[in-house]
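I opened the model to look at how the two chains meet. My notes follow.

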Protein chains: 2
Amino acid sequence: MRFLVFYIFLTFSSSLFSQSIIDNSAKIIRSSLEESKGYEWLRELCEIGPRLSGSEESYKAIEWAVEKMKSIGYDTVWLQPVMVPKWVRGNREECSVSEGTDKGKTLSINALGGSIGTDDAGITAPVMEVRNFAELENRKEEAKGKIVFFSRPMDKGLVPTFTAYGGAVDQRSRGAIEAARYGAVGMVMRSITTKYDNNPHVGQMRYNDSLPKIPAAALGYLDSDYLSEAIKKDPSLKLNIKLSARSYPDTLSYNVIGDLKGSDFPDEIVIVSGHFDSWDLGCGAHDDGAPCLQAMEVIDLLKRLNISTKRTIRCILYINEENGVMGGREYGRYADTTSEKHVAAIESDRGAFTPLGFTVDADSLIIKKMQSFLPILESASINWIKKGGSGVDISFIKTAKALIGYYPDPQRYFDFHHSANDTFDAVHPREMQLGTAAIAILAYLLSEEGL
Amino acid sequence: MRFLVFYIFLTFSSSLFSQSIIDNSAKIIRSSLEESKGYEWLRELCEIGPRLSGSEESYKAIEWAVEKMKSIGYDTVWLQPVMVPKWVRGNREECSVSEGTDKGKTLSINALGGSIGTDDAGITAPVMEVRNFAELENRKEEAKGKIVFFSRPMDKGLVPTFTAYGGAVDQRSRGAIEAARYGAVGMVMRSITTKYDNNPHVGQMRYNDSLPKIPAAALGYLDSDYLSEAIKKDPSLKLNIKLSARSYPDTLSYNVIGDLKGSDFPDEIVIVSGHFDSWDLGCGAHDDGAPCLQAMEVIDLLKRLNISTKRTIRCILYINEENGVMGGREYGRYADTTSEKHVAAIESDRGAFTPLGFTVDADSLIIKKMQSFLPILESASINWIKKGGSGVDISFIKTAKALIGYYPDPQRYFDFHHSANDTFDAVHPREMQLGTAAIAILAYLLSEEGL
């Protein structure tokens, strides 16, 4: 019985796919794992530093990527100009207890992206802890003159960590608006993370132009626990917060775009992509350095294995996903007007962990066709293809038949996300390279089979 | 369309399973992730130290487990006596270049389990590097008086790391026999690992009583690279190896066995298990401490959620998997003679990483029935159930309808396996606890649905 099942499986896969597709897919997996090129590139990229839009390091990284693509032998490499916001954290980020029994105690703090700074004296105020906006509204009279402390953690009981993140992130994106609405002078929040250490996890926040702008920052998870306990014991406790963050005028940056021309349908495009900017803590290894290099290595894999593709494989490293998505929007405008046909776009922006599946924004017949690729993709640890969100940047490519998000194991991503923890050594070479192989095989199948 | 698919799925799962099974499974996942009890137990267990059969720490750990099971409220806890081999590494493990340009350089070395030691002067001999036994046989005249160095690494191009391990492990298990056959005085080997550091990875080796017993040890991966280069440049290089390892007479130890009695069929048994012994480097966190605590927490989860089971859930912590499998054999003898019926046995011995699936040794109808559990198990990140090997210890339970191996993500396991790297901080709480939930739900379904 065992042999019968095995035989049926072999017949099934070979009847659907040519032997060269089966063989090339196996070669892609082996070469990706054996040579670990993307992982070694990540070492180089992380040495440049984090890549916040408009930062010196972001330009160095862009130059590095162009040179790397040229050295690989991409058929074309070009820089697509994009105007991006420029926000700078500066050198000063301090938070201390300025009144109360623990006077002088310092807390681990980082400004949220987009926050204003303070003057040299900083803001000094008592703290009002709330779990959510409803509680803030119910207790709105208390907020005036306070620093509002949003303390709701991620729901650790949820298996899909991205859902848990989604359930907590309103505190970061809208917290300063809601706090300012009721007269608060500042906003701090518990870091959104699954790692219970003291490195703050940041990310973009927003202001409402009709309300005062107040400084906004993330506290380390452990210091959030401390603060919560401390103000219960001593409600008169005051925090002093000093931040040097500021915004500058928008500045010119670039998407990096490189092609491997298709042999039969060069104007039909299959995109592999990630966003090249990162936050300015750590080095953006999982978010989204390694995923960019996975995309970049797809073309290197095809070239080093002498695999030609019917359709054009295009690698896009988007700029500015973190605080504006200007790169994604710009490419979307290009996609709207070009005569090229976008068959499909894959984005990898959930870290470089062991592959689990792909989530696809497409109609059900397209998804069904893609699911027929599973007998090939399973050998690269892809277990499923299902309907779901794709990626922020590629969502602007309206004409693509399928927008595809790469979905690796999500259990550890928020240990690192947007924090000083997101460094080179947080990425495991086999996990990253197996993901590269999965993405490369999917791009190759999309190119050869079409949609 | 999206809603239709969702509706069909709900109907499908609820038609197969009672609402209480669906609800209890969801509770198991949430409670396991939120409370992280097994992970906190692992912290305690690792503080005791590694648990090599017959070691002082192994007895302390057994006592600790008995107390923990009693405090959880297991219905019965008993110690099953098992005679186990006792091997002790001792304090002295040294390897140095004793002749050649690098004279005095030390290499990172650990004796393989079961190896004899050396006298105080150690063995001093030139080195013969081979990749496999065929090469050794071809060059057998060269082996006399040498230290044979087996240098074939794991095949990193393979996705299933356990297969790659299987392709390299003959060097460890039979290397000393084959080297001694041709007159070698010692054997060293490249560590079998996916982590390119210098901590040796050990494991059990064997002797053949009709051949001389020679000392056998693993070198760090990086020092294996060094040695390979060094003897190419200087074939007269000699190594000196001093090992204090020795074997003692077999000694009494125990399997720890605890039950949660079934309400309807108390004599029908569903086993959850791991092996409680470990190697003596690191603390055996992934191999197999965390998996033992996953098994132990299954009953804690059921009890704290007030979930009664129709069949008896039995947690077994086997002793001596690493160097003798005496615990597995002993329970197998018990299973042969008891009037209890063994429905199924689950063993977790592939680390505590994110769940992927279960491999099942059973006939195809049983596997098909188990696959019908997938709509429930998918919420605990189980993607598949398929035919495959189960676990070394449970393989002796001949009457069970299904022998089941838990299969988590295998990409990182051999970074830690049998080395000083296998410590508490190598285990991620969410990965471990999600695995606990997957195993608990499978055990619960096996209890309620039978096979």
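pLDDT is the predictor's confidence in each residue, from 0 to 100. Chain A averages a pLDDT of 96, and 97% of the residues score at least 70. Residues 1-14 of chain A stay under 50, with eight contacts (heavy atoms within 4.5 Å) beyond four places in sequence. The scores for the model are ipTM 0.95 and pTM 0.96.

Ground rules. This is a predicted model, where local features need pLDDT of at least 70, side-chain atom pairs count only at pLDDT 80 or more, and totals for chains, interfaces and linings use all residues. Residues are numbered from 1 along each chain as written, chains are lettered from A and ligands numbered from 1 in the order written, and side-chain values use heavy atoms, leaving out hydrogens and water.

**Interface**

I looked up the contacts between the chains. On chain B, 29 residues touch 29 residues of chain A. The buried area (accessible area, 1.4 Å probe, that two parts lose on being put together, summed over both) is about 2,500 Å². Carbon and sulfur atoms give 54% of that area. In chain B, K156(B), Q411(B) and R430(B) lose the most area to chain A, together 24% of what that side buries.

I then ran the salt-bridge rule: a side-chain nitrogen of Lys or Arg within 4 Å of a carboxyl oxygen of Asp or Glu. Four salt bridges cross the interface of chain B and chain A. Over all chains the count is 58.

**R30(A)**

Which residue of chain B forms a salt bridge with R30(A)? I found D155(B), with the closest N and O atoms 2.7 Å apart. D155(B) sits in the loop between β5 (147-150) and α6 (161-166) of chain B, and R30(A) in helix α2 of chain A. Helices here are DSSP runs (H or I, at least four residues), as are strands (E, at least two), numbered from the N terminus.

R30(A) also bridges to E34(A), at 2.4 Å, N to O. Both lie in α2 (residues 19-35), four residues apart, about one turn of the helix.

I checked accessibility next. Buried means under 20% relative accessible area, exposed over 50%, partly exposed in between (1.4 Å probe, protein chains only). R30(A) is partly exposed at 29%. E34(A) is partly exposed at 37%. D155(B) is partly exposed at 29%.

**R412(A)**

I traced one more crossing pair. R412(A) and E431(B) form a salt bridge at 3.5 Å, N to O. D409(A), R412(A), E431(A), D409(B), R412(B) and E431(B) are linked in a network of salt bridges.
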